[in-house]
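I opened the model today to look up a few local features and write them down. The entries follow in the order I made them.

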Amino acid sequence: CLVVLQVGCATVSFTGFSLPSRLTFGNVKPNWIGITENTAYGVFFMEMDLKVPGNVLYLESNSLKTVDLDTKETHLIAGKADTRGYREGIGEEARFHAPFSFYQMNSSEVVILDAENRCIRKVSRLTNETSILAGWCTIPGDRDGSFSTANFGHPEKVVEISPNKLAFTDSTSFCIRELDFDQEKTSALLRLDILLFGLTLWPHT
């Protein structure tokens, strides 16, 4: 079961608390965790890092990074914050275009919803290599099917709904889709008559 939450825009600053292991925030400026980079980019999505205990994994514009909450030292994992585009590669060689959110499958693999590239990517935490997982990157569409044949409009928010299954919002296709890793296919769980931009998914417990 899913809870679908519509949220508005807000500016939020956090200081002096610890994040629960899977708690996430959107559109949060990085000053609360003491990131010392001289950057104008906001942190669009974050949660506690499953690979490095005590770190926070976060999306800063077009990049995926991790930060040590004690030392405030940051490390680039993939992409480049000030450069958008589409390219597979290792570390900074990879390019994203407005990734909205991610899901850590485990300590070694991260699934990223690359919204403006219209596809879902995966990043290996072992090698920092980025590769395509599902959809046709840079080609928008609205089609379910295998990971290699499906098309998405604007994949944004993601949540786990059962082992090896994720649900994500596809805003411009007006639907919530399922990613089935066992069968390596996608299917529409729900179609709506309204634009889904800004929706957040939460698992119902």
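**Entry 1: a charge and a ring.** I counted a charge as sitting over a ring if NZ of Lys or CZ of Arg is within 6 Å of the ring centre and within 35 degrees of the ring normal. By that rule I noted Arg 143, whose charged end sits over the ring of Trp 136 at 5.0 Å from the ring centre.

**Entry 2: ground rules.** This is a predicted model, in which local features need pLDDT of at least 70 and side-chain atom pairs count only at pLDDT 80 or more, while totals for chains, interfaces and linings use all residues. Residues are numbered from 1 along each chain as its sequence is written, and side-chain values use heavy atoms, with hydrogens and water left out.

**Entry 3: the disulfide.** I took a disulfide to be a pair of cysteine sulfur atoms within 2.5 Å. How many does the rule give? The count comes to 1 disulfide. Cys 119 is joined to Cys 137, with 2.1 Å from S to S. The link of Cys 119 and Cys 137 is right-handed, with 95 degrees about the S-S bond. The pair links distant parts of the chain, 18 residues apart: Cys 119 is in strand β9 (residues 119–124), and Cys 137 is in the loop between β10 and β11 (145–146). Strands here are DSSP runs (E, at least two residues), and helices are also DSSP runs (H or I, at least four), numbered from the N terminus.

Buried means under 20% relative accessible area, exposed over 50%, and partly exposed in between (1.4 Å probe, protein chains only).

**Entry 4: Thr 130.** Thr 130 lies in strand β10 (residues 129–134). Its relative accessibility is 1%, so Thr 130 counts as buried. For its contacts (heavy atoms within 4.5 Å), I left aside neighbours within four places in sequence. The list for Thr 130 includes Ala 78, Glu 88, Phe 96 and Arg 121.

**Entry 5: nonpolar cores.** I used the term for a set of buried Ala, Val, Leu, Ile, Met, Phe, Trp, Tyr and Cys residues joined through side-chain atoms within 4.5 Å. Which residues of the largest core touch the most other members? They are Ile 120 and Leu 179, in a core of 14 residues. The elements giving two or more residues to this core are β8 (109–114), β10 and β13 (165–170). A second, separate core has 11 residues, among them Phe 45, Leu 57, Ala 78 and Ile 112. As background, nonpolar side chains tend to be buried together in soluble globular proteins.

Leu 179 also touches residues beyond four places away in sequence, including Ile 120, Ala 134, Phe 147, Phe 168 and Lys 185.

**Entry 6: aromatic pairs.** Rings of Phe, Tyr and Trp (its six-membered ring) pair if their centres lie within 6.5 Å; planes under 30 degrees apart are stacked, over 60 edge-to-face, and the rest tilted. The count comes to 3 aromatic pairs. One of these is Phe 45 with Phe 102, edge-to-face at 4.8 Å centre to centre and 80 degrees between the planes. Phe 45 lies in strand β2 (residues 43–48) and Phe 102 in strand β7, so this pair ties together parts 57 residues apart in sequence. Phe 45 is buried at 8%, and Phe 102 is buried at 1%.

Phe 152 and Phe 168 have ring centres 5.2 Å apart and planes at 80 degrees, so the pair is edge-to-face. Phe 152 is in the loop between β11 and β12 (155–162) and Phe 168 in strand β13, so parts 16 residues apart in sequence are tied together. Phe 152 is buried at 0%, as is Phe 168 at 0%.

**Entry 7: strand pairing.** I called two strands paired if DSSP finds at least two bridges between them. Strand β7 (residues 99–104) is mostly covered, with 5 of its 6 residues buried. It runs antiparallel to β8, joined by 5 bridges. The two strands β7 and β8 form a hairpin with 4 residues between them. Tyr 103 has Val 111 in β8 as its bridge partner.

I also traced an open sheet of 5 strands, in the order β11-β15-β14-β13-β12, with antiparallel pairing. Its edge strands are β11 and β12, each pairing on one side only. Strand β14 (residues 175–180) and strand β15 (residues 185–191) run antiparallel and are joined by 6 bridges. Asp 180 stands opposite Lys 185 in β15.
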